[in-house]
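Subject: Handover of a structure and notes on its features

Dear colleague,

Please find below the structure for your review. My notes on selected features follow it.

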Amino acid sequence: VPDVVSDSCKLAIWVSDFAGNISADTLSESFAIQDGTLPLISIQTPNLSTSIREHDSLHVSWIASDNIGVEQFGVWFSNHPEEPLAFLVEIASQDTIFSFVIGEGVSDSAQIKMDVMDQAGNMGEDFSDYFSITDNTRPEISHFSIPDTLDWGIGSVIDISVIAIDNVEITGLD
């Protein structure tokens, strides 16, 4: 079947012999050829060398093609391979780049999935390489208190209470 999408296809048969005589016949009914070719998509970025900081914009770019035309793209994201990919957005067919802000969550195995749908509803997909997200979230002091006294002497010892939190790890308290 040729790579043609149509509701009014016709089939013609031509027969010839050694003497050069030719006969032809065409089916009177028309028939349909529906698109069954999956669209193709290839994510260009992010790739294995991509490293982005939390709360920065990640740029996703891709190349897509289809025999009858691309209808739309879907973008999915996951911070960790054991977590399911979360749907982010549907993008119009003419776009080839999308940017979004990475939230909190350090990872060395974040991934983008893109799906592409053609005008006949056929779907194709591609997964990016794993890429890394580095810490860019400031630690917070959630509790800080000193003794309730006005009389501190030089060389005296006082108890200070501090609780700090971070999305990765507290490495120092000065």
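In the search for aromatic pairs, rings of Phe, Tyr and Trp (its six-membered ring) are paired if their centres lie within 6.5 Å, and planes under 30 degrees apart count as stacked. Please note that this is a predicted model.

Aromatic groups

By that criterion, the whole structure contains four aromatic pairs. One of them is formed by Phe98 and Phe100: their ring centres are 5.8 Å apart and their planes meet at 20°, so this pair is stacked. Both residues are under the 20% relative accessible area that marks a buried residue. Phe98 is buried at 19%, and Phe100 is likewise buried, at 13%. Ring pairs also bring in Phe77, so that Phe77, Phe98 and Phe100 form a cluster.

A further ring takes part in an interaction with a charge. The charged end of Lys113 is placed over the ring of Trp76, at 4.8 Å from the ring centre.

The largest pocket

How much space lies in the largest pocket? The value is about 190 Å³. Its lining consists of Asp135, Pro139, Glu140, Ile141, Ala164, Asp166, Glu169, Ile170, Thr171, Gly172, Leu173 and Asp174. By residue class, this lining comprises five nonpolar, two polar and five charged residues.

Side chains that reach the backbone

Two buried residues have side chains in contact with backbone nitrogens. Ser107 belongs to strand 11, which covers residues 107-118, and has a relative accessible area of 5%, which means that Ser107 is buried. The side chain of Ser107 reaches two backbone nitrogens: that of Ser109 at 2.9 Å and that of Ala110 at 3.2 Å.

Thr50 is located in the loop between strand 5 (40-45) and strand 6 (51-53). Its relative accessibility is 18%, and Thr50 therefore counts as buried. The side chain of Thr50 makes a contact with the backbone nitrogen of Asn47, at 2.9 Å.

Backbone geometry

The loop between strand 5 and strand 6 also holds Pro46. The peptide bond that joins Thr45 and Pro46 is cis, with omega at about 10°.

Which residue has a positive phi although it is not a glycine? This is His55, where phi is about 70°. His55 lies in the loop between strand 6 and strand 7 (57-65). With a relative accessibility of 40%, His55 counts as partly exposed.

A contact between residues apart in sequence

Finally, Ile13 is part of strand 2, residues 12-16. Although Ile13 and Asp25 are twelve residues apart in sequence, their C-alpha atoms are 5.3 Å apart in space.

For your reading of the model, the main points are the stacked pair of Phe98 and Phe100, the largest pocket with its space of about 190 Å³, and the cis peptide bond between Thr45 and Pro46.

With kind regards

Definitions and conventions: Residues are numbered from 1 along each chain as its sequence is written. This is a predicted model: local features need pLDDT of at least 70, side-chain atom pairs count only at pLDDT 80 or more; totals for chains, interfaces and linings use all residues. Side-chain values use heavy atoms; hydrogens and water are left out. On a 1 Å grid over the protein atoms alone, a cavity is a set of points where a 1.4 Å probe fits but cannot get out, and a pocket is an open set with protein on both sides within 12 Å along at least five of seven lines; lining residues have an atom within 4 Å of a point. Grid points are joined across faces, edges and corners, and a volume is the space filled by probe spheres set on the points. Ala, Val, Leu, Ile, Met, Phe, Trp, Tyr, Cys and Pro count as nonpolar, Asp, Glu, Lys and Arg as charged, and the others, Gly among them, as polar. Rings of Phe, Tyr and Trp (its six-membered ring) pair if their centres lie within 6.5 Å; planes under 30 degrees apart count as stacked, over 60 as edge-to-face and the rest as tilted. Buried means under 20% relative accessible area, exposed over 50%, partly exposed in between (1.4 Å probe, protein chains only). A charge sits over a ring if NZ of Lys or CZ of Arg is within 6 Å of the ring centre and within 35 degrees of the ring normal. Helices (H or I, at least four residues) and strands (E, at least two) are DSSP runs, numbered from the N terminus. A polar contact is a pair of N or O atoms within 3.5 Å; within protein, one must be able to donate a hydrogen and the other to accept it, and residues adjacent in sequence count only if both atoms are side-chain atoms.
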